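Visitor: I have a model open and would like to learn how to read a few of its features. Could you take me through them?

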Amino acid sequence: MPAPAPTEQNKPIAEIPSSQGSTAGNPGISGDAPGSSEWGPAKRIGFALLAPVVATVVRYYLMTWMGDTAPLVLYPVAILLSALFGGLVGGAVSTVVSSALSWWVFLADAPSETVALRIFALMLNGSVISIIGERIRIERRRANSGDRALRNALSESGQARQALAMQARVLESMAEGVCVFREQGQILFTNPAFDQMFGAERNSLLGTNVADLKDSPPEEARRRYAAALAEARRTNCWEGEQYHRNARGDVFQTHTHITPIQLDQEWCYVSVQEDVTEKRRADEAMHALNQDLRNRVQEMTTLLEVLPIGIGIATDATANNIQTNRALAKTLRIDVTANASLTAAEGERPRGFRIFHEGQEVAADQLPLQQAARLGVEIRDLELDVVFDDGAVSRLLEYAVPLFDDQGRPRGSIGAFLDISERRAAEREREQLVAALTKHGRELSVLSNAAQEVNKVLDASAILRTLVRAALQITEASAGAALLQYPGAPQRPYYRRGDDSATESEPRDADELGAANWVLRHRSPYLANTAATDEVVSPRARELLGIENLVCLPIVGRDDSLLGCLELQNKPGGFSTGDVVKLQALAAGASIALENARLLSQIREADRRKDDFLAMLAHELRNPLAPLRSSVDVLLMLDDGDDTMRQLRGVMDRQISHMGRIIDDLLDVSRITRGRIELRKEQLDWTKLVSDGVEALSGVFDAGGHALRTDFPDSPIWIEGDSTRMAQVLDNLLSNARKFTNSGGEITVRLTAIEDGRRAVLEVCDTGIGVSSEDLGRIFDIFTQADRSLDRRRGGLGLGLALVKGLVDLHGGCVEARSPGIGAGCTIRIELPTIAAPNSVSNDRESPVVERPSLRVIIVEDNRDAAETLRILLETLGHRAATAYEGRGGIELARSFRADAIICDIGLPEMDGFHVARAVRETPELADVRLIALTGYGRDADIRRALESGFDAHLTKPADASQLLHVLADVRPADSWQCEPKAVAEP
């Protein structure tokens, strides 16, 4: 089957431009190397032969300190230079020579498999580098022609390359597994999540066949993959469920997307896999739980139908509708489907009988079910006579209890009716029956109350307390215990005496209970009324708890898993099989609650792990940004007048700020969705805040070629809100409009008051790419992205508008998006409630410019790059700085001279930043030093813990120069110095 022509979505990688931004005016980038255009073929080939030789000599002399690690590290540089000066032929010659020299000089003694793999990798990398070098060489020649259209193309190519780099970083950080493989199945690329999913070392799956990872025979797996790839080529995407087996032999299920791409005229495929094993298990568990509940309802309904005791259930709070089981319907001589309520509507009331108590007819609204439902009270041991029209009389012993809703309000009632007519003559027998019914009623009440209490809590310990307390009431035993046996459950038994008396020695595990071990091992009930001679009852339990008799039974979950056991001890007269039946019913109800508690515990643990992952992700992303931020701040201060360097410094500054903002947005969205964000509300002039924010970004819009229009009212519009968060909302809206509007487009910011000034409306309108009607409904969802093009020039994480909506909702406002369609622009409209103008408005005055004194600052940071760049930044700002790479060294350095401030990381080896802060505060000579935490941990809990540990301020990486100046603004230098600061304190 011929391969389809490449589309815009699967353009070959070889066709993607490789330069970034305009290269005009930069001879080191835009043109060939000096004199390269005069070189003939002989010089180019000579350079291609000489470069690997020089690389070999240099690497050989570097072996004295680098050892045998990375022996081929310099050859890609030689190949790249050969390709730049000699083109594709020069790169190919240099690749061949490099391979030969590396094998002869460095790999001659290595195993053949290692040599082959490394030579193959070098030649593959050399081929790619040669192609890239040839591409750069061609592009440089074209740039020297001065064609403006070519420069624009290079600018767009740079944006594409930047987007590709961002996509590479996204692939590395994705939670879904991603791999790229050839038509025949050989894997070319995997991201870390894919390797972790299959339990493999990083990149160890490269070269293996993707079909070998499936949980099926190889031939069948390859046949299925061939069908999937054919479908992917036909529809441009295949989606479905697959089963795989990882390195540990575990089978797991994934939801897989396979998309075809063309690489160097060869069709390859990108597979994105999401592990849905746990999700499917949870779905199956929930389905099983629902089925179990349905079965139990059916069992209860069947039980009510076959009970010889009449049961009536009032389904409303006035008991106007009463349903009966067959026994009660037979007693009242009505149809089982008829309404048995005497307070029902005239046409629905039953006929043929009246109700009397002690010779007096009982009003319909005073009957037991009506009173229980209306007043929420229990009616016990009430004897009523049912007098039929034919003169027959039936004596009923009635018991009614109310049913409550979730708010504790009566929603109906349930009653038990025992016909005692035939036993009226036998008083003793009647009394026994009444006592039995009363006891049964109490047991029903205990079971009902226990079921209600158990369903109200999702804590295993609380469920055990309710279970044991109910079991003691039902059996009248002297003591009871419950023990759980599943991961995460309370390990110690819950033990309770019937009289609540304390005991000096309580059971600590199953060995100190009477028959718990036997029941847990055999999964069946055990009854022993002669515990003193019983072989199963533990002698230790007889001695510790004084057991005379006991009954113990297992608690089994819905999937027949063993959750634990329930044991009752020392009942007067001993236990009966009836006690076992009642306890089994009680344990069955408790097992559902325990399963729910276990599921909730797992959900909470998963949520906690997700929060920890987000915090760690932010920390790991911020750490490498810190030295970059400091370096860029220093470069911005050292202006050498070169326009190109100034432009590059601006690019780095904006991109680092953008990366920090993405991290902050990610954490802010997470806090908002979990309701953990706090607002510091105050009276805000919304007009001034918006106009100041627009003015601050006007230079950015001008640089991007956007026309910015504003329409603000002359008078202030006052709102109540958090100024920082509202500024964040405005910044996200303006950045979003700028990102999705091409150069030459127009952006309008309009602020108005509506509803007689009670509501403020902010509209940000652009003439950009617009939004489809399909996407308008979900544009404010987290991770939703409007730009789905292959180059992803406007791509992001899809957090900005989700964060805007969350913050606006917290301020009591609403936000919506409007767009006529693709290419017709978009309008984001925010509506907020206004407040009355404050009585007095403080006039902000700019603080007088004060020359900042030079300070001595100690930097405690284990990342040497971050420490050194921060030291250079502080010295550029006019301060003296010294660095230490671990906590104890930082304290010793602080003691060696009188420092004014210490900037300390939190995640330090051996002695973390919290311990450093406490140690500094306990040192008298350092009592006045200002402690500043500079860390990648930025959660509210992290900030609070840092301040509690003794830090005066907390900065989240990457911190720029303005933030450092702010926290050092009120620090005054010490009166005298003991010595000069050391350059570095080594760990």
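Visitor: At what angle do helix α24 and helix α25 pack, and how far apart are their axes?

Guide: Two packed helices are described by the angle between their axes and the distance between those axes. Here α24 (residues 913-921) and α25 (residues 940-949) pack at about 25 degrees, with axes 8 Å apart. Axes are lines fitted to C-alpha atoms, for helices over the stretch in contact, and angles run from 0 to 180 degrees between N-to-C directions. Helices (H or I, at least four residues) and strands (E, at least two) are DSSP runs, numbered from the N terminus. α24 and α25 are therefore roughly parallel; angles under 35 degrees count as roughly parallel, over 145 as roughly antiparallel, 65 to 115 as roughly perpendicular and the rest as oblique.

Visitor: Which residues make the contact?

Guide: Phe914, Ala917 and Arg918 come from α24, and Arg945, Ala946 and Ser949 from α25; contact means heavy atoms within 4.5 Å. Before going on: this is a predicted model, where local features need pLDDT of at least 70, side-chain atom pairs count only at pLDDT 80 or more, and totals for chains, interfaces and linings use all residues. Residues are numbered from 1 along each chain as its sequence is written, and side-chain values use heavy atoms, leaving out hydrogens and water.

Visitor: On to strands. How many bridges join β11 to β10 and to β12?

Guide: Two strands pair if DSSP finds at least two bridges between them. Seven bridges join β10 (residues 379-388) to β11, and nine join β11 to β12 (residues 410-419). β10 and β11 run antiparallel, as do β11 and β12. For individual pairings, Glu383 has Leu397 in β11 as its bridge partner, while Leu396 stands opposite Asp419 in β12.

Visitor: What do the turns look like?

Guide: The hairpin of β10 and β11 has four residues between the strands, and Gly391 in the turn has a positive phi of about 95 degrees. In the hairpin of β11 and β12, five residues lie between the strands and Gly408 has a positive phi near 85 degrees.

Visitor: Is His706 buried or exposed?

Guide: His706 is buried, at 8% relative accessible area; buried means under 20%, exposed over 50%, partly exposed in between (1.4 Å probe, protein chains only). His706 sits in the loop between α18 (698-703) and β19 (707-711). A polar atom of the His706 side chain lies 2.7 Å from the backbone oxygen of Thr741.

Methods
Polar contact = N/O pair within 3.5 Å; in protein donor to acceptor, adjacent residues only side chain to side chain.
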